[in-house]
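Let's take a walk through this protein together, from the inside out. Keep the 3D view open and click on residues as they come up.

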Amino acid sequence: MAKYNTLTKIEWLIWILLTIMFFFYALEIYPFWDAVNYAAHSSGPYAIIFYGNALWLMPRLYRKKKYFLYFLGVFLMLVIVTVARVQSEMYIWFHFIIHKPFDVKLRTYYYGFIIDTLFYLFSIAYRFTLDYFQIKRQQDQLLKQHAEAQLNLLKAQVQPHFLFNTLNNIYFVAQRESPLTADLIEKLSSIMRYFLEQGPKEEITLNAELDFIRNYIELEKMRIRYPVQTSIDIIGDTANIKIPPMLLIPLVENVFKHGIDKRASNNYLSIRLEIPDRLHFKVSNRIHNDPAQYSKGWGIGLNNLSKD
């Protein structure tokens, strides 16, 4: 923004100096008010050509590769401005200054057209200067955003490390006082690492997903009053199998959300995974006595799982 303010100030200074230059140039030939007339009829039309091309024709036609319309527009603009400038200047000159019949020679239009063309060329350089400052500003913004993204990434890396280090410290303390608590902390830490390290990936190993499911089951079981009988049967080699992260967990999560009766003591969860030619994953649980649990439809996880 500061660069644009500086550029605007420079523009105003140039136009003021240009008008003064036209005035003093004419003052050497014409009387005072004639010089004012010449300066006014020079700066105004030149500004129309200059900004008309730089701020209107080039952005709307040239940038959109409408070259025929652009050059046609430039030619018409130069002709119209030249004729209007010469006509108004000569009208004031003949009628109010020398009081003679209005007569303009063709070469006056010709010379005026050449000078107007020079200002058109200057406007091209001005447009490119504006584009340069705009691109430079965008680059500065991108560099700033990149620096902010790096800082946010550093923060995102530091915070999980701090959390895991804290959990490790709590784990070692709990291991002396309560081994069961330490075991749960270790499982929670593994689940959090899964979310942070495995979750963003497109594919992970099936074994990593199964470890996540085992830790999840153990943490869920601690919330239930009565023990939940669990069994996980794996048939086949899982070493080289890769799947999207969190593909299977919605089925297990759904059991603890809808398939467990916290008042009953005979809850169970059975998982069977087979890998003959395709991956078969089956989750079984006790049927809940409350039919309202099954009238709510599928959740987001199961809906996503059912998609191809």
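Start in the middle: the largest nonpolar core has 26 residues, and Ile213, Val252 and Phe256 touch the most other members. A nonpolar core here is a set of buried Ala, Val, Leu, Ile, Met, Phe, Trp, Tyr and Cys residues joined through side-chain atoms within 4.5 Å. Buried means under 20% relative accessible area, exposed means over 50%, and partly exposed is in between, using a 1.4 Å probe and protein chains only. The elements giving two or more residues to this core are helix H5 (179–198), H6, helix H7 (249–258) and strand S4 (268–274). H6 provides the largest share, with 8 residues.

Before going further, a word on what you're looking at: this is a predicted model, where local features need pLDDT of at least 70 and side-chain atom pairs count only at pLDDT 80 or more, while totals for chains, interfaces and linings use all residues. Residues are numbered from 1 along each chain as its sequence is written, and side-chain values use heavy atoms, with hydrogens and water left out.

Which residues does phenylalanine 256 contact, leaving aside its neighbours within four places in sequence? They are Tyr216, Ile217, Glu220, Lys221, Ile224 and Leu269. (Contact means heavy atoms within 4.5 Å.) Apart from this core lies another one of 13 residues, among them Trp15, Leu18, Ala39 and Ala47.

Not counting residues up to four places away in sequence, asparagine 215 touches Lys187, Ser190 and Ile191.

Now zoom out. The protein chain has 8 helices and 5 strands, in the order α-α-α-α-α-β-α-β-β-α-β-β-α along the sequence. Helices (H or I, at least four residues) and strands (E, at least two) are DSSP runs, numbered from the N terminus. Of the 308 residues in the chain, 32% are buried. Take the contacts between residues at least 6 apart in sequence: 71% of them join residues at least 24 apart.

Next, the outside. The chain exposes about 20,800 Å², and carbon and sulfur atoms supply 62% of that. These accessible areas come from the Shrake-Rupley method with a 1.4 Å probe; for residues, only the protein chains shown count as cover. One nonpolar patch on the surface is formed by Trp12, Leu13, Ile16, Leu17, Ile20, Phe24, Leu27, Phe32 and Trp33, with about 1,000 Å² of accessible area together. Patches are made of residues with over 30% relative accessible area and no salt bridge; like charges are joined within 9 Å, and nonpolar side chains (Val, Leu, Ile, Met, Phe, Trp, Tyr) within 5 Å. Helix H1 (2–27) and helix H2 (32–62) each give two or more residues to the patch, and the largest share, 7 residues, comes from H1. Isoleucine 16 lies in H1 and is partly exposed, with a relative accessible area of 45%.

On to charges. Side chains of opposite charge can pair when their charged atoms come close. In a salt bridge, a side-chain nitrogen of Lys or Arg is within 4 Å of a carboxyl oxygen of Asp or Glu. How many turn up in a search of the whole structure? The search finds 9 salt bridges, including these:

| Pair | N to O distance |
|---|---|
| Arginine 63 and aspartate 131 | 2.2 Å |
| Glutamate 218 and lysine 221 | 3.8 Å |
| Arginine 272 and glutamate 274 | 2.5 Å |

Why does the bridge between arginine 63 and aspartate 131 tie together parts that are 68 residues apart in sequence? Because arginine 63 lies in the loop between H2 and helix H3 (67–97), while aspartate 131 lies in helix H4 (residues 106–177). Arginine 63 is partly exposed at 44% relative accessibility, whereas aspartate 131 is buried at 16%. Arg63, Arg127 and Asp131 are linked in a network of salt bridges. Glutamate 218 and lysine 221, by contrast, both lie in helix H6 (residues 206–221), 3 residues apart, about one turn of the helix.

Last stop: aromatic rings. The whole structure holds 15 aromatic pairs. The rings of tyrosine 194 and phenylalanine 195 have centres 6.0 Å apart and planes at 70°, so this pair is edge-to-face. The rule is that rings of Phe, Tyr and Trp (its six-membered ring) pair if their centres lie within 6.5 Å; planes under 30 degrees apart count as stacked, over 60 as edge-to-face and the rest as tilted. Tyrosine 194 is buried at 3% relative accessible area, while phenylalanine 195 is partly exposed at 42%. Ring pairs also link Tyr62, Tyr67, Tyr70 and Phe71 into a cluster.
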